[in-house]
Amino acid sequence: MIKTLTMAASFAVTALAAMPAAAQQPSSKLDEVLSRGHLILGTGSTNAPWHFKSAEDKLQGFDVDMGRIIAKALFGDPEKIEFVNQSSDARIPNITTGKVDITCQFMTVTGERAQQIAFTIPYYREGVGLMLKGDGKYADYEALKAGGSSVTVSVLQNVYAEDMVHAALPEATVDQYESVDLIYQALESGRADAAATDQSSLAWYMTQNPDRYKDAGYGWNPQTYACGVKRGDQDWLNFVNTALHEAMTGVEFDFYAKSFKTWFGKDLTPPQIGFPVEFK
């Protein structure tokens, strides 16, 4: 009986030794990308300042720069990246099917989505803001709020638009429009006193039109933007998190800060030296 058990154990050890290394230690997406020599990033091409084409037909934007940060961390070269142009409804399927290594496409983190993919650490926090004309009747949010029902706010049409605006300005009149361009036109023409729009869009529009418009100084309805990767690969997720983290707080801060200034027109305060700010 003892001899039989010894022989069985010997066969088991031999069988394990004969197994391919990949079967014993499954490779990570990190190893796959390094072996390939470039990153495959899923993103869009029609939404400034996140992802859009330049006059020279080159893809640019804040999401695109996040991909370049990851590519630089991988290869020391931010240009070693292949872009897959995808619609918003392809963001998650392209991750789960392996068509892309990662998606960075102003994707809001939700519990439902987190059941399908793994989210990275956040790289931006979105919210709704109020854009005013530089020489308009109302100076800021407090003036708008004091204006009560005499204030008209233009907003993109959707089922939540009225409630969303009233969360900030309970008495305001809400005018809904079918496109973002139309809400800005309403502000420009004087049909609206303020335009309710994403804070990022507000910052971009102000950057493109210096002194013509201003931020009312109030934001609400926060949303977290993060990149997405396939579930179950902790090595790859850890690597991407490290790359993004060090862009926002460490060695690649200058790259992140330059991108933030380019697309949102704001200078970031450099991370404080000494005790890590994340643990304060």
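Q: Which residue in E5 is the bridge partner of Leu-39?
A: In E5, Leu-39 has Ile-81 as its bridge partner. Helices (H or I, at least four residues) and strands (E, at least two) are DSSP runs, numbered from the N terminus. This is a predicted model: local features need pLDDT of at least 70, side-chain atom pairs count only at pLDDT 80 or more, and totals for chains, interfaces and linings use all residues. Residues are numbered from 1 along each chain as its sequence is written, and side-chain values use heavy atoms, with hydrogens and water left out.

Q: How many bridges join E1 to E5?
A: Five, and E1 and E5 (residues 81-85) run parallel. Two strands pair if DSSP finds at least two bridges between them.

Q: And how many bridges join E1 to E6?
A: Two, again parallel. Gly-42 stands opposite Thr-103 there.

Q: Why is E1 largely enclosed?
A: Because five of the five residues of E1 (residues 39-43) are buried. Buried means under 20% relative accessible area, exposed over 50%, partly exposed in between (1.4 Å probe, protein chains only).

Q: New topic. Which residues form a disulfide?
A: Cys-104 and Cys-227, with sulfur atoms 2.1 Å apart. The cut-off for a disulfide is a pair of cysteine sulfur atoms within 2.5 Å.

Q: Where do Cys-104 and Cys-227 sit in the chain?
A: Cys-104 is in the loop between strand E6 (102-103) and helix H6 (111-114). Cys-227 is in strand E11 (residues 213-229), and the two are 123 residues apart.

Q: Is Cys-104 buried or exposed?
A: Buried, because its relative accessibility is 0%.
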